[in-house]
Amino acid sequence: MNNPLQGETIFFSGFLKDDEGNPITDFAPYTFRAFIKSKMLPTTFLFSTDASGDTQISVSTTGLVTWKILPTQSKLLQGETILEIDCTETSTGTKRLGKTIVFYVEETGISKHINF
């Protein structure tokens, strides 16, 4: 991933695969969540397959998982940013997947001036 800039739309996508390497296409019994936390600023975002609007994670019939951070959200992120992904069985609360990814959001001159 190239380091995105504050104020840009940041897209996330990928396939979750089973032990045999086949994409998982049925997410009906699961809740998929992505938690994003900026380490330099107090900003956090939670995206979920249960959510709607600009925090919803979409899963296609082929198993492609996608969501995005809007410019109004990314301008609130700076520097080292943590992405925690988890997949939980909705009925039991059993965690089926957990992964942490670190990426960086580069500061822009424009976004420096949005907070007065």
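**Close-up views of pockets and aromatic pairs**

**View 1. Lining of the second largest pocket.** By class, six nonpolar, no polar and four charged residues line the second largest pocket of this predicted model. The lining consists of L16, K17, D18, D19, I24, F27, Y30, C87, R96 and L97. The volume of this second largest pocket is about 170 Å³.

View 2. The largest pocket has a volume of about 270 Å³ and a lining of 15 residues. Nearest its centre lie S13, G14, L16, I85 and I101. Two or more lining residues come from each of the elements β1 (10–15), β5, β6 (79–89) and β7 (95–105). With five residues, β1 provides the largest share of this lining. Sorted by class, the lining of the largest pocket comprises 12 nonpolar, two polar and one charged residues.

**View 3. The aromatic pair of F47 and W67.** Six aromatic pairs are counted in the model. In one of these, F47 and W67 are tilted, with 6.4 Å centre to centre and 35 degrees between the planes. The pair joins distant parts of the chain, as F47 belongs to strand β3 (residues 44–48) and W67 to strand β5 (residues 64–69), 20 residues apart. F47 counts as buried because its relative accessibility is 0%. W67, at 8% relative accessibility, also counts as buried, since the cut-off for burial is under 20%.

**View 4. The cluster of aromatic rings.** Ring pairs connect F12, F27, F32, F45, F47, W67 and F103 into a cluster. One of these residues, F27, is also part of the lining of the second largest pocket.

Methods: Residues numbered from 1 in each chain as written. Predicted model: local features only at pLDDT ≥ 70, side-chain atom pairs only at ≥ 80, totals over all residues. Heavy atoms only, no water. Phe/Tyr/Trp six-rings, centres within 6.5 Å; stacked < 30°, edge-to-face > 60°. Helix = DSSP H or I, 4+ residues; strand = E, 2+ residues; numbered from the N terminus. Buried < 20%, exposed > 50% of the residue type's maximum accessible area, 1.4 Å probe, protein only. 1 Å grid on protein atoms, 1.4 Å probe; cavity = no way out; pocket = protein on both sides within 12 Å on 5 of 7 lines; lining within 4 Å. Points joined across faces, edges and corners; volume = space filled by probe spheres on them. Nonpolar A, V, L, I, M, F, W, Y, C, P; charged D, E, K, R; others polar.
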